[in-house]
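The following exercises are to be worked through with the sequence and the structure at hand. Each task is followed by a solution in steps.

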Amino acid sequence: MIGIIGAMDVEVDELKSLVRDGTTSNIAGTDFVCGFIEGVLVCVAQCGIGKVNAALCTQAMIDNFDIDAVINVGVGGSLSPDVVIKNVVIATDVCQHDMDITALGDPRGFIHGVNMIKMPTDEKLSEKLAQTAIRLGEKIHRGGVASGDQFISSKEQKDFIINEFGAICCEMEGAAIGHVCTANSVPFAVVRSISDGGDEDAQIDYPTFKRIAAAVSAKIIIGFIKGEKEQIEFK
């Protein structure tokens with residue numbers, strides 16, 4: 001079963017609407033919609049905004065359903081001049097840019113338990129998603145995605161994340177989902193369609209482009225699932 005998690009309704013409602021023969025389970029305040037999209041078994045959930053919500057949802061999904069892999073889907077802000085609105089970022093790794101226990105001697109971003117700063121996404125799953133996006137005509141980038149419990153909307157914030165972590169995209173959930181998946185040895189991937197530049201114009205661009213960007217990321221997931229169905233039929 002493929003787990004699909006997005007933070008907002010705009011990121012997952014289309015996917016939920018495509019689920020057939022589905023059942024809905026409410027666990028810890030989150031609805032998990034499980035059934036078939038294009039004949040492939042999936043579990044779709046809206047986790048809510050922020051790292052704690054994302055982690056709670058991911059652990060509940062792993063604990064209660066037979067999840068083979070988790071895909072985090074949604075929108076994000078650009079941290080690179082090469083990554084523009086409506087481009088797609090397929091994460092190579094994820095980090096938590098607001099994790100800071102340097103006062104205790106650990107490097108910035110270090111996560112105890114998994115004992116790393118950058119958590120790698122699953123190479124095979126990420127490559128499939130990247131190839132799907134390219135086939136659908138989307139402009140993609142591969143690179144790090146940085147998560148934190150703040151909306152990035154200034155040059156100072158952007159420069160800090162770029163200089164510390166070298167990420168090309170910022171958002172608020174991917175690294176928490178990656179943290180939980182890493183701890184549980186579950187493969188994961190992060191797909192983000194760019195809705196804003198993470199700068200002083202972000203508060204204007206984000207409301208304007210979030211639905212367009214969310215539709216792009218949903219299209220990629222649907223295309224990926226169709227590809228998985230074809231593989232199953234071929235076998």
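**Exercise 1. Locate asparagine 115 and state whether its phi is positive or negative.**

Step 1. Asparagine 115 belongs to the loop that runs between β6 (88–96) and β7 (119–120). Strands (E, at least two residues) and helices (H or I, at least four) are DSSP runs, numbered from the N terminus.

Step 2. The phi of asparagine 115 is near 55°, a positive value in a residue other than glycine.

Step 3. Asparagine 115 has a relative accessible area of 49% and is therefore partly exposed. In this classification, buried means under 20% relative accessible area, exposed means over 50%, and partly exposed lies in between (1.4 Å probe, protein chains only).

Two remarks on the basis of these values are needed. The model is predicted: local features need pLDDT of at least 70, side-chain atom pairs count only at pLDDT 80 or more, and totals for chains, interfaces and linings use all residues. Residues are numbered from 1 along each chain as its sequence is written, and side-chain values use heavy atoms, with hydrogens and water left out.

**Exercise 2. Determine where alanine 28 lies and whether it is buried or exposed.**

Step 1. The loop between β2 (20–27) and β3 (30–37) contains alanine 28.

Step 2. Alanine 28, a residue other than glycine, has a positive phi near 55°.

Step 3. Because its relative accessibility is 54%, alanine 28 counts as exposed.

**Exercise 3. Describe the surroundings of asparagine 72.**

Step 1. Asparagine 72 is placed in strand β5 (residues 69–78).

Step 2. Its relative accessible area is 0%, so asparagine 72 is buried.

Step 3. Contact means heavy atoms within 4.5 Å. Apart from neighbours within four places in sequence, the contacts of asparagine 72 include Ile5, Gly6, Glu171, Gly174, Ile177 and Val191.

Step 4. Gly174 and Ile177 are among the buried residues of α5. Helix α5 (residues 174–183) is mostly covered, with seven of its 10 residues buried. Just after α5, serine 185 takes a positive phi of about 55°.

**Exercise 4. Characterise phenylalanine 160: which helix holds it, and which residues does it touch?**

Step 1. Phenylalanine 160 is part of helix α4 (residues 155–165).

Step 2. With 31% relative accessibility, phenylalanine 160 counts as partly exposed.

Step 3. Not counting residues up to four places away in sequence, phenylalanine 160 touches His97 and Arg108.

**Exercise 5. State how many disulfides the structure holds, and examine cysteine 57.**

Step 1. A disulfide is a pair of cysteine sulfur atoms within 2.5 Å. The structure holds zero disulfides.

Step 2. Cysteine 57 is in no disulfide; the nearest cysteine sulfur, that of cysteine 47, is 5.3 Å away.

Step 3. Cysteine 57 has 1% relative accessibility and so counts as buried. Cysteine 43, at 0% relative accessibility, also counts as buried.

**Exercise 6. Describe the chain as a whole.**

Step 1. The chain has six helices and 10 strands.

Step 2. For 235 residues, a compact globule would have a radius of gyration near 18 Å, and the 17 Å of the chain agrees with this. The radius is taken over C-alpha atoms, and the globule rule is 2.2 Å times the number of residues to the power 0.38.

Step 3. Of the 235 residues, 54% count as buried.

Step 4. Among contacts between residues at least 6 apart in sequence, 76% join residues at least 24 apart.
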